Amino acid sequence: AKAPPTRRGMKHVIDRVLGSGGLLIGWKACRGPQLRRLSVFRRPEDARAVVLDPLCAASPVMTAISLGRRVTGRIGLVLRGCEVRSLVEAVRSRQIDRARLDVHVARCGGVADAALLGAALRERGAEGEVVSATDAGADFEVLLEGGARVRIEKPRVLLRRCFDCRMPTAFAADSMEPGALEPLAVELPSSRRAEDEDPGRLF
């Protein structure tokens with residue numbers, strides 16, 4: 001079977017970094033409301049558990065800064081364009097040494113808010129744990145345990161930061177997927193603008 005583009009793009013990071021005794025910061029699947037959590041991978045065989053999909057919300061950059069102060073060796077990162085902006089600032093402020101990093105920039109079609117996604121699935125009557133989500137253009141296609149697939153419109157469930165998507169104008173990545181630094185063009189729906197204007201909303 002043909003490997004997904006993101007998996008192929010991560011291979012150079014896994015081979016070079018983990019093969020030389022370094023570490024890879026990436027996401028792995030977990031149960032519960034979080035769906036994905038950042039983890040540190042030290043062996044190539046463990047890196048088979050690495051996932052990168054619209055459910056991966058937390059940025060690896062702060063973890064890389066923290067680990068960079070405590071460990072030696074190379075650090076592998078798979079980032080989206082918005083996270084590259086944070087990395088650039090961290091390098092400029094000397095919080096992390098760019099020379100120690102292997103960076104692959106993946107194309108991103110937006111990141112789902114786990115709580116909003118759960119609510120949208122319940123509205124559709126969908127049952128079962130979320131297994132994965134894939135970018136399907138204007139929608140996310142969500143795979144549930146049991147094999148059911150449900151399409152959810154992106155504007156309903158995107159993280160707020162995705163509606164103000166900004167990318168660096170240039171970045172010297174070690175590898176990069178085509179279109180990885182193209183901003184996501186999506187408009188905040190009026191229903192969600194109304195939520196923000198609700199004076200009783202605290203968060």
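Visitor: Which residues does V130 touch, not counting residues up to four places away in sequence?
Guide: This is a predicted model, where local features need pLDDT of at least 70, side-chain atom pairs count only at pLDDT 80 or more, and totals for chains, interfaces and linings use all residues. Residues are numbered from 1 along each chain as its sequence is written, and side-chain values use heavy atoms, with hydrogens and water left out. Contact here means heavy atoms within 4.5 Å. On that basis V130 touches L35, L55, L121, V142, L143 and L144.

Visitor: Which residues of the largest nonpolar core touch the most other members?
Guide: A nonpolar core is a set of buried Ala, Val, Leu, Ile, Met, Phe, Trp, Tyr and Cys residues joined through side-chain atoms within 4.5 Å. Buried means under 20% relative accessible area, exposed over 50%, and partly exposed in between, with a 1.4 Å probe and protein chains only. The largest core has 21 residues, and those touching the most other members are L55, L117, L121, V130, V142, I152 and V157.

Visitor: Which helix and strands each supply at least two residues of this core?
Guide: Helices (H or I, at least four residues) and strands (E, at least two) are DSSP runs, numbered from the N terminus. By that count, the elements are α4, β5 (130-136), β6 (139-144) and β7 (149-153).

Visitor: How many salt bridges does a search of the whole structure find?
Guide: A salt bridge is a side-chain nitrogen of Lys or Arg within 4 Å of a carboxyl oxygen of Asp or Glu. E141 and R149 form one, with the closest N and O atoms 3.3 Å apart. E123, R124, E153 and R156 are linked in a network of them. The search finds 16.

Visitor: How many residues apart in sequence are the parts tied together by D174 and R98?
Guide: The side chains of D174 and R98 meet in a salt bridge (3.4 Å, N to O). D174 lies in the loop between α5 (154-157) and β8 (175-176), and R98 in the loop between α3 (81-92) and β4 (101-105), so the parts tied together are 76 residues apart.

Visitor: Is D139 buried or exposed?
Guide: D139 forms a salt bridge with R151, the closest N and O atoms being 3.5 Å apart. R151 is partly exposed, at 42% relative accessibility. D139 has 17% relative accessibility, so D139 counts as buried.

Visitor: What is the relative accessible area of K154?
Guide: K154 sits in helix α5. Leaving out residues up to four places away in sequence, K154 touches G109, D135, G137, A138, D139 and F140. K154 is buried, and its relative accessible area is 6%.
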